[in-house]
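Subject: Structure handover and notes on its contacts

Dear colleague,

I am passing the structure below on to you, and my notes on what was found in it follow directly after. Please read them with the structure open beside you.

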Amino acid sequence: MPVTLVKERYSSKVGEVVLGATPEQGGTRTATVTVGGDSALPFLHFEGQTINRPVIAMEVTDVVPTWSDIITKQIGDVINDPAAWAKKCVDEFGADLIYLKFNGADPEGENRSPEDCARIVKEVLAAVGVPLVVEGCDDSAKNNEVITAIAEAATGENLLIGIAEQDNYKSIAAAAMVHKHTLIARSPLDINICKQLNILINEMGLPLNKIIIDPTVAGLGFGIEYVYSIMERARLGALANDKMLSMPIICTVGYEANRCKEAYASEEEFPGWGNLEDRGVLWEAVTASGVLQVGASILVMRNPAAVKLVQKNIADLMG
Amino acid sequence: MLIFGERINGMFTDIGDALRNKDPKPLQYWAVKQEEGGAHYLDVNSGPAIPTEERVAAYEWMVNVIQEVSQLPLVLDSTNYNAIEAGLKVCKRPAIINSCPAEQVKIERVFPMAIQYNAGVIGLTMDKKGIPKDADNRVAFAMELVAAADEYGLPMEDLFIDPLILPVNVAQEHAPEVLESLRQVKMLANPAPRTVLGLSNVSQKSPDRNLINRTYLAMAIASGLDAAIMDANDDDLVDVAATCQILLNRSIYADSYLKVFRTR
């Protein structure tokens with residue numbers, strides 16, 4: 001009896017989003033990066049196309065981060081200099097994008113000025129040719145100020161800027177529209193809010209192919225299954241022609257995975273967990289590999305050793 | 001849930017006059033207006049306005065003038081299959097043939113035509129003797145139509161079974177039988193055929209037509225209805241269709257779901 005390969009026929013696909021802009025397009029990037037466009041479940045090449053492979057954005061912060069030594073020692077001296085750090089991520093670690101996070105803008109920290117942040121963005125733009133993802137600090141009022149200044153200073157570069165949230169999206173969406181950038185729309189592990197936020201942003205006039213979904217990923221062992229099922233549902237929605245859920249997804253894997261105790265607690269403290277060096281790398285790599293299976297398009301990562309593993313995983317899955 | 005806009009029908013005076021005078025404006029007006037209301041397809045019916053010998057030319061003209069202003073696919077509604085074929089020849093997007101009863105002679109005419117023009121078929125659960133009273137006989141006719149789809153190679157999701165709703169004021173006992181038919185039709189094949197109703201029939205000559213239409217629409221969708229030929233400009237009715245999508249978890253909830261349903 002012959003076996004017929006069962007192939008699902010989907011009526012639609014994930015939208016494609018272009019990040020960055022070359023000189024001909026009004027920016028200064030050496031090449032743009034396109035994400036999304038899948039017409040099937042992740043990596044099911046036999047029933048649809050995965051036109052663009054998932055990409056990795058490596059995290060660079062404007063102030064020296066308080067990350068685990070296991071990560072910082074791989075980054076080395078450049079950790080004091082965002083431009084040099086970004087360059088190392090691209091040249092040595094093979095990052096597709098640079099994710100620039102302005103923790104230093106936080107009013108409760110260094111309270112760095114918006115102008116100062118914009119200057120650093122310019123320096124990083126000069127140092128690398130890949131597109132940038134830029135997020136401010138976790139104080140939403142200050143974030144709006146910082147991102148507005150950066151959006152203006154980098155007009156035409158088509159940065160991916162964040163964060164737009166349901167109760168705070170208007171000023172940042174306006175900045176994205178006026179200065180031709182792409183926007184991250186974040187929802188708190190809630191597909192209904194995710195969809196509604198996309199509708200609200202789109203109603204302001206930002207096209208659907210200028211929006212990236214951030215579903216608020218969780219680290220392995222700390223609720224990853226919630227975001228896993230939400231991402232799966234969003235992908236199925238996109239394939240069934242739900243345009244308001246058809247944007248590519250960004251996952252801040254590095255931040256979430258490295259918050260987990262398993263990623264930084266020593267072997268002396270927890271002998272049963274084994275060697276920290278391996279565990280730290282794997283905690284981030286497995287978190288990333290998990291969300292790849294439900295359609296992550298952009299992985300934001302920190303640990304260069306984990307990046308290397310996930311790059312190999314993506315290459316294998318792309319066949 | 002697919003909405004087939006019912007308004008371009010020669011039974012309505014403005015469309016009947018337009019057909020007689022070869023005036024495209026009323027057809028084009030309703031094409032655009034129904035699309036704005038939420039229609040996914042436009043039903044096209046010349047009604048009795050055009051003499052039989054002119055129907056072929058009339059359908060070709062209707063399809064062409066509607067396609068000048070609307071991207072929506074069409075449902076070609078006639079008992080004259082030569083007229084339907086003339087329309088299919090000029091359709092730019094895959095259309096649906098409305099309709100074919102469970103009669104061998106008509107199946108032999110309609111199903112090959114559907115395959116040839118990549119069209120869907122609305123199959124009526126009736127034969128020469130008329131509309132059956134109970135669900136069992138409706139489902140038996142549906143099974144004949146499902147077998148015909150299989151025989152001619154029509155994809156099951158391109159077959160729309162219409163279990164034929166009748167006016168509740170004169171044929172009240174049919175309404176629950178139609179709901180039961182919808183449930184059973186969904187179990188006839190895998191994938192199942194789709195289902196459709198000429199919704200407005202249920203309220204013919206009753207008061208409060210809109211209330212009857214929207215109540216029955218919700219009941220029918222819950223029983224397995226996939227499409228309805230209906231008033232796409234009855235906002236409350238379209239709201240019911242949108243809300244059913246949400247309550248049956250067919251579309252992901254968002255606060256603006258009513259708006260999303262209308263803007264694809």
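Two residues are said to be in contact when heavy atoms of theirs lie within 4.5 Å. On that basis the contact between the chains takes twelve residues from chain A and ten residues from chain B.

Before going further, please note that this is a predicted model, in which local features need pLDDT of at least 70 and side-chain atom pairs count only at pLDDT 80 or more, whereas totals for chains, interfaces and linings use all residues. Residues are numbered from 1 along each chain as its sequence is written, chains are lettered from A and ligands numbered from 1 in the order in which they are written, and side-chain values use heavy atoms, with hydrogens and water left out.

**Between the chains**

Chain A and chain B bury about 990 Å² between them, 51% of it on carbon and sulfur atoms; buried area here is the accessible area (1.4 Å probe) that two parts lose on being put together, summed over both. On the chain A side, A:Lys195, A:Gln196 and A:Arg233 lose the most area to chain B, and together they account for 41% of what that side buries.

Two salt bridges are counted between chain A and chain B, a salt bridge being a side-chain nitrogen of Lys or Arg within 4 Å of a carboxyl oxygen of Asp or Glu. B:Lys259 forms a salt bridge with A:Glu203, where the closest N and O atoms are 2.8 Å apart. Helix H6 (residues 191-204) of chain A supplies the largest share of the side that touches chain B, namely six residues; helices are DSSP runs (H or I, at least four residues), numbered from the N terminus.

**Within chain B**

Chain B is divided into domain 1 (2-231) and domain 2 (234-263), with bounds that come from an automatic or database domain assignment. The contact between these domains takes 14 residues from domain 1 of chain B and eleven residues from domain 2 of chain B, and their centres, taken over C-alpha atoms, are separated by 22 Å.

The two domains of chain B bury about 1100 Å² between them, of which carbon and sulfur atoms give 66%. In domain 1 of chain B, the residues that lose the most area to domain 2 are B:Arg214, B:Ile221 and B:Asp231, together 40% of what that side buries. One salt bridge is counted between the two domains, and the side chains of B:Asp236 and B:Arg214 meet in a salt bridge at 3.7 Å, N to O. Helix H8 (residues 209-223) of chain B gives the most to the side of domain 1 that touches domain 2, with seven residues.

With best regards

Conventions. Helices (H or I, at least four residues) and strands (E, at least two) are DSSP runs, numbered from the N terminus.
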